[in-house]
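Please open the model in a viewer and keep the sequence panel beside it. The stops below give a selection and then describe what is found there.

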Amino acid sequence: MMPTNKVVTNPIDASELSFDDFKKIVIADYKIAFESRQASLIGRKEVLTGKAKFGIFGDGKEVPQIAMAKAFKKGDWRAGYYRDQTFAFASGISTIKEFFAQLYANPDVEKDPASAGRQMNCHFATRSINPDGSWNDLTDMKNSSADISTTGGHMARLVGLAYASKLYRQNPELSYLKNFSVNGNEVAFGTIGNASTSEGIFFEAFNAAGVLQVPMAISIWDDAYGISVPAKYQTTKENISEILKGFQRDDKNAGYEIFRVRGWDYPALCEAYEKAIQICRDEHVPVLIHVTEVTQPQGHSTSGSHERYKTKERLDWEREYDCLVQMRKWMIESAIADEPELTELENTAKKYVRECQREAWNDFLDNIRTEHKAVVLMIHNLARGQAGIVKVGAQLASMPDATRKDVVAAVRKALRLTAGQSLAERSTLLEWYEAQGLENHERYNSKLFTDGNERPGLIPEVLPVYGDVPKMLDGREILNACFDANFTRDPRLVAFGEDLGNIGDVNQGFAGLQAKFGELRVTDTGIREMTIMGQGIGLAMRGLRPIAEIQYLDYLLFALNVLSDDLASLSYRTKGGQKAPVIIRTRGHRLEGIWHSGSPIQMMLGSLRGLHLCVPRNMVQAAGLYNTLFRADEPAIVIECLNGYRLKERLPENVGEFTVPLGKAEVLKQGTDLTIVSYGSTLRIVQEAAEELALFDISVEIIDPQTLLPFDTDHLCAASLRKTNKLLVVDEDVPGGASAYILQKILEEQDGYYHLDGQPKTLTAKAHRPPYGSDGDYFSKPSVDDVVEAVYNMMHEANAAKFPAIYDPGNAG
């Protein structure tokens, strides 16, 4: 077995080190860098020979990443991208063997702690939480937030990770959270390629950090290309730090400290990072380190060769100014090491990396080989001379490096070929397949949510308590009382968004709370939806409980990439190793106009699995959902009804304590003829329509799911259909949007189809966005008239004699 001890780089303090000590550190650094290069070279070969599916590597960035790792301390955080393998090795975040385990997609979390094989290689993450969802001591480890592949997408989260340090330093009420911060001394390290700085999210995040003045250190690896596209097509002046010079702080204005250093100059890199991170850490000033003249020896990835688009002159320059070549040359010239010594080190490193690769490959195959051997034998026993099954077994037996897919596919085919045969051998194979199904679900499909000891499903339901004569308040005042009670109870709660602080949000849900709890806890932001979401993610990953506000649901589009790519997949892509219980507060549904009345629920249902989606019908229900979420540890979106802020509701006496369980539907009205399922603002319309329908002797049952993710976990909808046998889904999304999702849940998942005696129907908004004005609303979204007539027509189809057609001209003549 290979040694498991991690080899990490050490800082250089020239004032205290002897030359011999200095030599040892430099030689150790070169060893890590050289091993990392070998991992890149071998990794590429493993892809090209078919052992791995795809590879992306950090070759050419080794030396600057060694320098960066020297300044990275326990408690610090990284939000980087897929070129940071040398930094991961040098900081101890990952090992070379774990690097190859991820390349082979080993689903064992012990072998690939970053993602359990769920992410491609060079996507790093440390395990912030235990299997039960409890937090580790994040101050005693070097932390890496889970990487994503989207270029620049991690920048929003980086702002939040740095912003947490500011809150921990400036808010003494948080000093009891000893496992998350030491006086806010932690730096958030971010890395990005020069081409990716063209993304809007980079500029948004860069500006946000300058405004917030947080300890965020951005390193830009500048190799002058974005895949095949050179810098002249990427960046004005072909120099990102040059065009960002206006952010440089001065005596009058806060801003950044900006550094520029060449990627092959080891001493200059070490000096630049030591100075930059010290300023960042001590003064809470964001810094930019623009690392220029970086090379990329193997090109962008295993999908192609850079020789196709780089000139001979560029390729010659890259070979000469390869950071390893230049560091090696400097070490010899400085008498730190001689040629024979370095050659011996390099030969040893090559052997070590190759051995790590072999062990990782064998680890990956070991369990599969056991399964493979067992299945070949079971299929052989089942065959009994049947040619088709003999062939299936023989094909599987001929695969020495069969994948799990090959093994399971053979089992399924053998079971299909023996359908209807009552054989003991078939029962044995079927039992194996069913048991493996459970194991493979755990390997490949588990942990969409953390499912820890603080998950929403374990929060006790507490009913609202009303006095004999409860106060009748505007909905906005109900929410305000809820937020007030919870902010008093839990100092970890913070809220931020556009217009949230000083005026208490555009609908006054936070009115007066900034004055009561201070600007650190109730905060205005600029117009920057992506980084508002990123602030929430980063804070939540560091133990705080953020409420990140999107002013209108329509504006969620501006942050959908961050929520979908990053937050929604966080638990899944780390197999429960990280969590970010951020709550996104927004408002939507009926109001006025194309950009202020949206209900794009299908968009969220399709792109945000991994978040809870709460759609309360009024503000009391919203408060109950918030009370649940504030006590749980999973992320959620709460959509408040825009037209409910000034409607009167009863104030519960326990407004900050009562809870509404997620996934628990509620029957708002009992009925016998037809079931209507709706949510949010349309429920009031449905309830009004029910009164008119009663005049026609039509009794409707109305169900509010309250949350769409999860949806009606007690199957109240199917229970209702057993009584009414008819179903209408009403919502404000586009045709075939959320209504299709609800139908799938009720008809397929809840087996509601078997209880129908007529076609299920949907009543939705039109396919376009709603035009401005009351008439535009009436002709674009479901109205009371629409609901009444939709229900009546369904009853007409069932009993035309009792319910004659409304628009049939009859026998007028």
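A residue is called buried when its relative accessible area is under 20% and exposed when that value is over 50%, with partly exposed in between. The model is predicted, and every value in this tour is computed from it.

**Cysteines**

Select Cys-356 to begin. With a relative accessible area of 1%, Cys-356 is buried. Which cysteine sulfur is the closest to that of Cys-356? It belongs to Cys-122, and the 15 Å between the two sulfurs is too far for a bond. Cys-717 is the next selection; it also counts as buried, at 1% relative accessibility. The closest cysteine sulfur to that of Cys-717 is in Cys-614, at 16 Å, again too far for a bond. The criterion for a disulfide is a pair of cysteine sulfur atoms within 2.5 Å. A search of the whole structure finds 0 disulfides.

**Helix H15**

Move to residues 475-489, which form helix H15. The helix has 15 residues, and the distance from its first C-alpha to its last is 22 Å, close to the expected 21 Å. Colour the buried positions of H15: Gly-475, Arg-476, Ile-478, Leu-479, Asn-480, Cys-482, Phe-483, Asn-486 and Phe-487. In reading this pattern, recall that an α-helix has 3.6 residues a turn, so residues three or four places apart point the same way.

**The seven-stranded sheet**

Display strands E10 to E15 together with E20. These 7 strands form an open sheet with mixed pairing, in the order E11-E10-E12-E13-E15-E14-E20. Strands E11 and E20 are at the edges, each pairing on one side only. From one strand to the next, the twist averages 20°.

Within this sheet, select strand E10 (residues 493-497) and strand E12 (residues 545-549), which run parallel and are joined by 4 bridges. Ala-495 stands opposite Ile-547 in E12.

**Asp-524**

Remain with the sheet and select Asp-524, which lies in strand E11 (residues 522-524). Is Asp-524 buried, partly exposed or exposed? Its relative accessible area is 35%, so Asp-524 is partly exposed. Leaving aside neighbours within four places in sequence, Asp-524 is in contact with Gly-497, Asp-499, Leu-500, Gly-501, Asn-502 and Gln-514.

**The five-stranded sheet**

Next, display strands E17, E18, E19, E21 and E22. These 5 strands form an open sheet of mixed pairing in the order E17-E19-E18-E21-E22. Strand E17 (666-669) and strand E22 (761-763) stand at the edges with a single partner strand each, so one side of each is left without a neighbour in the sheet. Neighbouring strands here are turned by 25° against each other on average, direction ignored.

Select strand E18 (residues 674-678) and strand E21 (residues 727-730), which pair in the parallel sense over 4 bridges. Val-677 stands opposite Val-729 in E21. Helix H24 (residues 738-749) lies across E18, E21 and E22, and its direction is at about 145° to E21.

**Backbone geometry in loops**

The last stops concern the backbone. Most residues other than glycine have a negative phi, and most peptide bonds are trans.

- Select Leu-709 and Pro-710, which are joined by a cis peptide bond with omega of about 5°. Pro-710 lies in the loop between strand E20 (707-709) and helix H23 (716-724).
- Select His-284, in the loop between helix H8 (266-283) and strand E8 (287-292). Although not a glycine, His-284 has a positive phi of about 55°. His-284 counts as buried, at 6% relative accessibility.
- Select Arg-384, in the loop between helix H11 (339-383) and helix H12 (387-397). Arg-384 has a positive phi of about 50°, although it is not a glycine. Its relative accessible area is 54%, and Arg-384 is exposed.

Notes. Residues numbered from 1 in each chain as written. Predicted model: local features only at pLDDT ≥ 70, side-chain atom pairs only at ≥ 80, totals over all residues. Heavy atoms only, no water. Buried < 20%, exposed > 50% of the residue type's maximum accessible area, 1.4 Å probe, protein only. Helix = DSSP H or I, 4+ residues; strand = E, 2+ residues; numbered from the N terminus. Expected span 1.5 Å × (residues − 1). Pairing = 2+ DSSP bridges. Axes fitted to C-alpha atoms, helices over the stretch in contact; angles between N-to-C directions. Contact = heavy atoms within 4.5 Å.
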